[in-house]
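Visitor: Could you take me through this structure, please? I would like the overall picture and then one local site.
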Amino acid sequence: MIFCIADSFQTALRRLSAQEQKMVKETVFDLQMNPAAPGLQFHRIDKSKDPNFWSMRVNRDIRLIVHKTEGSFLICYVAHHDDAYTWAERRRIETHPTTGAAQIVEVRERVHEIVVHKPVEVEQPATPIRVVLPPLFPGITDEELLTYGVPVDWLADVKAATEDTIFDLAEHLPREAAEALLDLATGAKPQIPAVTAPETVSPFEHPDAQRRFRVMEDVEELKRALDFPWDQWTVFLHPSQLQVVEQSFSGPARVSGSAGTGKTVVALHRAANILRQHPQARLLLTTFSLPLANALEGKLRILTGENNGIVPRVTVLPFRGVAHELFTLAFGHHPRAATEDQIRGALRTAAGEASLTSFTPRFMASEWLNVVDAWQLDSLQAYQDVPRLGRKNRLGVKQRDKLWPVFVRARQLIEAQGLLTWPSIFGKVTAHFAGRSDKPFTHAVIDEAQDLGVPELRMLAAIAPGGPDTLFFAGDLGQRIFQEPFSWKALGVDIRGRSRTLKVNYRTSHQIRQAADRLLPKIVQDVDGNEQDRRGTVSVFNGPDPEIQIFADAAHEIQGVADWIKQSVADGIVPAEIGLFVRSNGQLARARAAVKAAGYTQLELSERLQPQGRIAIGTMHLAKGLEYKAVAVMACDDDVLPLQERIETVADESELDEVHDTERNLFYVACTRARDRLLVSGVQPASEFFADFSAPQDRNRG
Ligand SMILES: Nc1ncnc2c1ncn2[C@@H]1O[C@H](COP(=O)(O)OP(=O)(O)OP(=O)(O)O)[C@@H](O)[C@H]1O
């Protein structure tokens with residue numbers, strides 16, 4: 001007898017009050033212990049088309065809907081009495097005749113009308129004109145639709161679907177069918193999950209069924225599913241996610257995908273799987289910043305539970321935290337890291353001593369940061385030979401001859417103060433562990449991998465052994481905001497052939513994702529030729545179109561954003577679910593003023609803290625990895641985004657491209673933090689990126 005919970009049950013559970021949830025949990029635990037226990041009261045749902053639906057009493061008002069057959073027991077739904085009955089009367093659980101996956105199917109004749117989502121109409125024409133839209137899928141056959149998992153009852157509706165009805169229709173269909181239709185609507189070819197030996201796979205084991213039914217193996221697993229109904233990602237994975245989680249790779253591997261496709265979720269499940277399968281594993285889970293590392297740690301605890309010996313075998317730290325800890329372990333004292341100001345000061349002094357005036361301080365700093373220090377160059381020859389991939393600017397042999405002594409001197413000045421730069425801290429850890437067979441970790445799982453620099457990647461390759469499944473990266477090339485591109489392969493981390501892309505966006509509505517995707521090229525390639533294709537990405541839910549507002553001046557914008565905050569709260573969004581982002585510290589005052597004008601107080605994000613509980617404000621860099629129900633990306637004026645200061649100081653054309661790319665990526669990161677509601681605003685003349693955001697374009701800048 002299999003005992004499963006359905007995603008529809010978890011979603012319904014979180015709508016109940018805490019007290020009601022508690023009672024539901026007790027009932028479900030009793031059921032799992034013994035579904036045939038005498039005290040449990042079941043009533044068949046007579047009006048349901050499916051004779052196996054039963055209701056079960058939780059208290060006077062709350063009913064659990066279960067689906068019982070000889071071999072299975074499914075907890076499907078929970079709600080107040082009438083709502084629970086209506087849900088069950090309108091559904092059937094069946095095995096799809098073509099795909100073989102178990103599905104919860106809405107009974108077509110009971111869905112009296114499919115409400116068509118209408119965008120807000122600004123102006124009503126005097127005589128309304130009814131535009132009859134053509135069907136979206138002319139010529140598609142029933143056979144093809146069935147291969148995507150469209151239930152037989154719904155074939156006719158799908159064939160009649162138009163651009164206006166498709167989103168609402170999709171909400172009535174099983175997810176695999178909905179995603180396939182949205183793919184088809186955007187011209188992409190739906191991917192059908194590969195099932196090995198389909199005849200031996202039970203309907204509940206089918207990858208498409210596992211996204212909505214999960215067998216609960218033990219009480220611990222059930223407890224976690226009931227304790228964290230908001231965290232459906234812990235229980236139900238998309239087939240493409242599940243595949244990457246379970247696949248064995250012969251070397252370093254990477255999962256990519258646009259923002260919100262569940263890369264972090266995959267990284268967490270993979271980490272948990274490794275720890276379960278290898279009782280001796282010592283795993284490093286690492287990411288860009290401390291708040292993100294803290295968030296990963298919290299999520300890993302939810303996923304694995306506290307008491308099974310897994311947590312002590314994991315180290316969760318930001319990239320620099322790993323280097324700091326391993327440096328201390330290797331050398332017996334803490335490293336002292338030089339600040340940016342100290343480094344710039346050393347470069348200035350060294351250039352002054354050498355009377356070198358032909359390079360701007362900004363150029364020298366960038367050359368130091370991205371080339372000399374990043375690659376830990378230790379000789380003029382190494383400087384002459386280093387690949388200058390990120391910096392397409394040519395720097396002649398003579399210029400390097402002149403610059404090199406300045407860099408050598410700058411390093412001496414830094415070290416004379418007992419300081420090390422971060423790349424040298426990474427470098428020393430790398431050198432210490434590179435040749436050893438005993439590594440501090442057996443496996444490393446790395447999130448936000450698009451922002452790994454040369455020193456970080458080298459260290460990661462040195463602190464875990466090579467071989468199958470030891471290094472796993474998650475990242476989105478379109479969200480690279482800190483590092484210049486470089487070849488991973490040249491550093492011995494070759495992921496070619498082991499790169500997978502996720503396509504289903506769980507975070508962001510169709511409307512916001514579509515607009516944000518227009519900011520980026522559809523296909524991006526890294527230096528080693530690994531491609532990330534954003535085409536064919538679909539979202540799992542619908543929402544209002546993002547708003548663009550351009551104001552005459554900052555005062556009007558502040559008032560406009562304040563009104564937007566008030567409206568969001570009036571619409572039921574709690575302040576803690578609202579985030580405001582600006583390009584840099586210089587515009588934070590505008591965000592603060594907007595929150596104040598709306599009558600709230602804000603919490604400010606920082607590099608060490610992601611406080612929660614009130615409206616959050618921060619720079620776009622700090623938006624990385626976060627999500628809110630409603631987001632305003634404000635103060636996007638023409639000279640702010642892309643940031644004029646950066647543009648003015650570029651050394652050449654290629655650096656200008658790099659600035660434009662990373663500024664665009666930043667805007668993309670900020671916009672994709674929004675789940676349901678997004679406002680982007682600025683003062684006239686507004687950011688040039690607004691044009692791409694609002695106008696559909698078939699652009700491929702790859
Ligand atoms: N299988 C799933 N079921 C339910 N929710 C999911 C699933 N996978 C991901 N999510 C949710 O989607 C959101 C985005 O997931 P996640 O943060 O892993 O995406 P990401 O690709 O790492 O995003 P980003 O690139 O913006 O950091 C989260 O709220 C996560 O809980």
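Guide: What follows covers the overall fold and then an annotated site; please note that the model is predicted.

Visitor: How many helices and strands does the chain have?
Guide: The chain contains 25 helices and 24 strands. Its radius of gyration is 28 Å, close to the 27 Å given by the globule rule for 702 residues, so the chain is as compact as a globular protein of that length.

Visitor: And what box do the C-alpha atoms fill?
Guide: Along the principal axes, the C-alpha atoms occupy a box of roughly 90 × 70 × 50 Å. Of the 702 residues, 43% are buried.

Visitor: What share of the contacts join residues at least 24 apart?
Guide: The figure is 75%, counted among contacts between residues at least 6 apart in sequence.

Visitor: Changing topic, where does UniProt place the "binding site" feature?
Guide: The unreviewed UniProt entry places it at Gly257, Ser258, Ala259, Gly260, Thr261, Gly262, Lys263 and Thr264.

Visitor: Where is Thr261 found, and is it buried or exposed?
Guide: Thr261 sits in the loop between strand S9 (253-257) and helix H11 (263-277). It counts as buried because it has 28 C-beta neighbours inside 10 Å, and the threshold for that class is 20 or more.

Visitor: Which residues does Thr261 touch?
Guide: Setting aside residues up to four places away in sequence, Thr261 touches Leu502, Lys503, Val504, Asn505 and Thr537.

Visitor: What about Thr264: where does it lie, and what is it in contact with?
Guide: Thr264 lies in helix H11. Beyond its neighbours within four places in sequence, Thr264 is in contact with Asp447 and Ala474.

Visitor: Why does Thr264 count as buried?
Guide: Because Thr264 has 21 C-beta neighbours inside 10 Å.

Methods:
Residues are numbered from 1 along each chain as its sequence is written. This is a predicted model: local features need pLDDT of at least 70, side-chain atom pairs count only at pLDDT 80 or more; totals for chains, interfaces and linings use all residues. Helices (H or I, at least four residues) and strands (E, at least two) are DSSP runs, numbered from the N terminus. The radius of gyration is taken over C-alpha atoms; the globule rule is 2.2 Å times the number of residues to the power 0.38. A residue is buried if 20 or more other C-beta atoms lie within 10 Å of its own, exposed if 12 or fewer, and partly exposed in between; C-beta atoms are placed from the backbone. Two residues are in contact if their C-beta atoms, placed from the backbone, lie within 7 Å. UniProt positions are given in the numbering used here, feature names are shortened, and annotations may be inferred rather than shown by experiment.
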